[in-house]
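Please look at the sequence and the model below, and consider how the parts of the chain are arranged relative to each other. The briefing that follows takes up the domains and the contact between them.

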Number of protein chains: 2
Amino acid sequence: MLYIGVDLGGTKIAAGIVDENGQILFKDSIFTKSERPFEQVAADMASLILSIIQKAGYSMSDIGGIGIGSPGAIDNEHGVVVFANNLGWHNVKLRSELQKYINLPIYMENDANVAGLAESVFGAGQGIKNAIALTLGTGIGGAIIINGKIYGGTHHVGAELGHLIVQVDGGRQCTCGNSGCWERYASATALINFGKEAVLEHPDSMILKLTNGNPDGINAKIIEDAARAGDQIAVEIFDRYIYYLAMGIISIINAFDPEVIIIGGGVSGAGDFLLKPLIEKVKEHIFYKELDYADIRLAKLGNDAGIIGAAMLATNKYLI
Amino acid sequence: MLYIGVDLGGTKIAAGIVDENGQILFKDSIFTKSERPFEQVAADMASLILSIIQKAGYSMSDIGGIGIGSPGAIDNEHGVVVFANNLGWHNVKLRSELQKYINLPIYMENDANVAGLAESVFGAGQGIKNAIALTLGTGIGGAIIINGKIYGGTHHVGAELGHLIVQVDGGRQCTCGNSGCWERYASATALINFGKEAVLEHPDSMILKLTNGNPDGINAKIIEDAARAGDQIAVEIFDRYIYYLAMGIISIINAFDPEVIIIGGGVSGAGDFLLKPLIEKVKEHIFYKELDYADIRLAKLGNDAGIIGAAMLATNKYLI
């Protein structure tokens with residue numbers, strides 16, 4: 001049996017046909033144009049799904065179901081996008097709308113959760129029961145996999161691990177309204193902000209040379225490159241970033257004691273340059289030093305994780 | 001069917017006969033004397049179990065099994081106390097030792113986890129699937145209940161919620177070797193420390209009057225009493241304590257999105273004087289302000305939670 005995975009984003013909707021081994025057999029995408037009434041977005045999504053089945057040469061009877069990974073708080077039981085800021089959706093009955101066009105079972109979950117599921121089953125965490133997946137991007141996305149299944153929380157807003165409070169006194173202001181959230185210290189955005197702040201005081205840093213003197217050109221890769229090249233300011237920033245990343249991971253280990261922590265997203269592109277010192281830093285700060293603890297690994301599936309994880313939903317085996 | 005619950009502590013071993021509704025029908029206790037070889041402690045524990053069955057007028061055939069709540073990292077699968085600091089035990093094969101004396105199924109879990117289970121099923125969280133239980137005492141104990149079952153982690157050291165890192169820069173030193181752990185800010189010990197620190201600068205505070213001028217006499221109840229009486233220093237300390245407690249709870253909500261958070265332990269004796277401002281503070285800082293989130297409640301079962309939760313283990317229905 002094959003399954004359709006849909007990765008619904010603020011900009012693009014990607015959909016793929018996925019087999020039971022997590023392989024994408026065919027995929028395609030369209031623009032979301034989320035400023036339209038949601039019924040139009042849903043109609044386009046349905047067309048995309050039907051078109052990939054046809055283009056790939058399958059019939060409806062080959063497809064066991066459809067899974068959708070959506071940003072925001074997703075209520076699979078009722079088929080509703082409860083709240084999705086970057087789609088501008090609030091209590092949108094996406095499943096019943098799609099079922100006007102498609103007569104197949106449709107399952108829904110948060111996009112970060114399904115991507116984490118895909119990594120934990122077919123990516124970096126194969127054979128693992130308890131995993132936490134982190135995406136180091138604009139913020140920090142989280143997914144909690146317990147007993148091989150997604151734990152999404154009671155009100156569909158669990159696994160917001162970027163909003164663990166890591167600085168109760170004098171914390172940096174977060175977009176969520178709180179201060180001291182972990183993603184203000186350990187997301188790609190945080191790393192970039194550390195760079196921008198540092199070059200104000202150290203305009204001679206290689207960081208600024210790599211952007212031709214333009215602080216707005218600083219990104220995570222430039223700080224990584226300058227640190228690899230031994231620029232002292234960049235090394236200090238990167239070390240500090242790894243410390244903050246490690247401390248949040250310590251919290252996650254102390255709370256969830258997972259078997260594996262999977263690191264994805266932009267900053268994870270640094271590979272071993274990030275992973276090795278991170279593993280060392282976690283080791284220094286681990287609570288039960290005599291016991292085993294979570295293995296920390298880099299994500300493997302990249303952007304495909306969203307489609308693969310969404311398709312896995314459609315097997316109806318992966319939700320707690 | 002009846003079950004035996006054993007609450008193994010560093011000072012005392014308490015055991016009770018518990019029915020399927022979580023009622024303790026009979027209980028008794030002995031001193032642990034944990035400095036002895038563990039075989040002697042296990043022999044005494046077995047005698048205690050056999051004696052309560054006899055004293056309460058039951059026979060072995062009335063008992064479905066035995067559950068043990070032990071401090072530390074507990075491996076139920078192998079029947080081993082992996083590590084229990086306050087017993088001085090390391091890789092102790094407790095189950096096989098007890099089975100020399102008792103021919104009944106024996107289950108084991110961490111004591112905080114079983115107490116949280118009892119609260120979530122028969123105490124403050126009846127009918128709840130996803131709950132977090134917190135014990136505000138010397139440290140902060142945690143229990144994670146998912147789908148009505150204990151989630152203890154991969155290496156049996158999950159739910160150490162007192163060691164969520166809440167202050168990455170300039171955090172208070174913790175007994176675990178790290179700095180900035182939540183229990184340095186929101187345990188009973190933390191509240192007492194805030195009091196001791198404050199009276200150094202404000203010796204005229206009512207806090208010190210209530211201890212006849214002896215800072216070592218400060219406890220959580222005295223700070224609560226002084227705050228209730230309107231002592232300004234005590235009010236400030238209590239407010240600050242509630243802020244720190246709320247911020248950790250915000251992290252827990254953002255990570256676990258539970259249905260209920262159950263607060264027990266010494267500080268929870270303050271009742272509504274703690275609970276009401278805590279609920280207000282959490283409301284101020286919650287991430288998804290338009291959605292429902294965890295109800296925060298006081299624990300109901302007190303010290304009996306340990307025996308009841310341990311007995312529940314013996315039904316073999318409550319472990320993930």
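In this predicted model, the C-alpha centres of domain 1 of chain A and domain 2 of chain A lie 29 Å apart. Domain 1 covers 2-119 + 303-313 and domain 2 covers 127-299, with bounds that come from an automatic or database domain assignment. Thirteen is the number of residues that each side brings to the contact, 13 from domain 1 of chain A and 13 from domain 2 of chain A, where contact means heavy atoms within 4.5 Å.

**Buried area**
- About 930 Å² is buried between domain 1 of chain A and domain 2 of chain A, and carbon and sulfur atoms give 68% of that area; buried area is the accessible area (1.4 Å probe) that the two parts lose on being put together, summed over both.
- Of the area that domain 1 of chain A buries against domain 2 of chain A, 50% is supplied by N113(A), L117(A) and E119(A), more than by any other three residues.

**Elements on the domain 1 side**
- β5 (73-75) and α3 (111-122) of chain A each supply at least two residues of the side of domain 1 that touches domain 2, the elements being DSSP runs numbered from the N terminus, with helices (H or I) of at least four residues and strands (E) of at least two.
- The largest share of that side, 6 residues, comes from α3(A).

**Conventions**
- Residues are numbered from 1 along each chain as its sequence is written, and chains are lettered from A and ligands numbered from 1 in the order in which they are written.
- Local features need pLDDT of at least 70, side-chain atom pairs count only at pLDDT 80 or more, and totals for chains, interfaces and linings use all residues, while side-chain values use heavy atoms, with hydrogens and water left out.
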